[in-house]
Amino acid sequence: MTDKIHKYRGKEIEVTFDAKRCIHSAECVRGLPEAFNTSRKPWVLPDAAAAEKVAEIVKRCPTGALHFKNAQNGLREETPEHNVAMLAKDGPIYLRGDIEILDAGGNVVLVDTRVALCRCGASRNKPFCDNAHRQSGFKDAGAINFQKSDEEEPVGHTKLRVQASPNGPLLVDGNVTIVDSSKTLQEKSNSPAFCRCGASGVKPYCDGSHNRVNFTDH
Ligand code: SF4
Ligand code: FES
């Protein structure tokens, strides 16, 4: 999590890039190829498009690999009002919100508004996704096994604290809306434990299967 952050300075905006958190979802290169082009060096040219457009595309990056700062015209990265966990088919959980990632000791190791978290168990950059699900054969439709029925829904803005429990699930503390991969169904929760071993029978939630499959963090 202390990996090198590459900086690309433009006249009106500076783009930062954490290569280890990029999973090549291509939102950037498809969205604004003038500024983001991986067949060129440097691959980010912030001055090749309007700063507003660069900022808009950076905010689409689902993993938080891209950010911007030092922007003119009052451009800034707002913290989303609501925390959302989007399930990807055969892939990670994309979180957006007021996010803190904690280590096993409870120390905050990352503050961000966008992260992609491994749920197949194979990432070598846990708790983040590194695209290992493509090789590991992880299959999951990204549906929600609903846990709540008539419980009161959580309301209001809270921080979303995420801690990977040792050899176990992602423990989430804070209000979050979980959205299925078709973006049609959702469940609100305030303390979900998300499976990150890939073996749960009630995904996206943990059902204790990590013990059965001897899931380890390493
Ligand atoms: S949008 Fe983010 S994750 Fe996707 S290719 Fe660009 S930098 Fe990588
Ligand atoms: S982490 Fe997968 S079942 Fe608990």
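The C-alpha centres of domain 1 and domain 2 lie 25 Å apart. Domain 1 covers 6-69, and domain 2 covers 84-144 + 154-212. These bounds come from an automatic or database domain assignment. The model is predicted: local features need pLDDT of at least 70, side-chain atom pairs count only at pLDDT 80 or more, and totals for chains, interfaces and linings use all residues. Residues are numbered from 1 along each chain as its sequence is written, while chains are lettered from A and ligands numbered from 1 in the order in which they are written.

Where the domains meet, 8 residues of domain 1 are in contact with 10 residues of domain 2. Contact here requires the C-beta atoms of two residues, placed from the backbone, to lie within 7 Å. The side of domain 1 that touches domain 2 has 3 nonpolar, 3 polar and 2 charged residues. In this scheme Ala, Val, Leu, Ile, Met, Phe, Trp, Tyr, Cys and Pro count as nonpolar, Asp, Glu, Lys and Arg as charged, and the others, Gly among them, as polar.

The protein has 4 helices and 11 strands. Both are DSSP runs, numbered from the N terminus: helices are H or I with at least four residues, strands are E with at least two. The C-alpha trace spans about 50 × 40 × 35 Å along its principal axes.

Start with the open sheet of 3 strands. Its order is β1-β2-β3, and the pairing is antiparallel. Two strands pair if DSSP finds at least two bridges between them. The edges are β1 (6-9) and β3 (66-69), each pairing on one side only. From one strand to the next, the twist averages 25 degrees. β1 and β2 (residues 14-17) share 4 bridges in the antiparallel sense. Within that pair, Lys 7 has Thr 16 of β2 as its bridge partner. Helix α2 (residues 51-60) lies across β2 and β3 and runs at about 140 degrees to β3. Axes are lines fitted to C-alpha atoms, for helices over the stretch in contact, and angles run from 0 to 180 degrees between N-to-C directions.

Next comes the ligand. Around ligand 1 stand Cys 22, Ile 23, His 24, Ser 25, Ala 26, Glu 27, Cys 28, Cys 61, Thr 63, Ala 65 and Leu 66. A residue is near a molecule if its C-beta atom, placed from the backbone, lies within 6 Å of it. This shell divides into 7 nonpolar, 3 polar and 1 charged.

Asn 70 sits in the loop between β3 and β4 (84-87). Its phi is near 50 degrees, a positive value in a residue other than glycine.

β4 then pairs with two strands described here. With β5 (residues 93-102) it runs antiparallel over 4 bridges. Met 86 stands opposite Tyr 94 in β5. The hairpin of β4 and β5 has 5 residues between the strands, and Asp 90 takes a positive phi near 55 degrees there. With β9, β4 runs parallel, joined by 3 bridges. Ala 85 has Ile 178 of β9 as its bridge partner.

Ile 178 also leads onward. In β10, its bridge partner is Glu 187. Strand β9 (residues 176-179) and strand β10 (residues 186-189) run antiparallel and are joined by 4 bridges. Their hairpin has 6 residues between the strands, and Lys 183 takes a positive phi near 60 degrees in it.

One joins Lys 126 and Pro 127, with omega about 10 degrees. Pro 127 is found in the loop between β6 (108-117) and α3 (133-136). Another runs from Lys 203 to Pro 204, with omega near 15 degrees. Pro 204 lies in the loop between β11 (193-194) and α4 (209-212).
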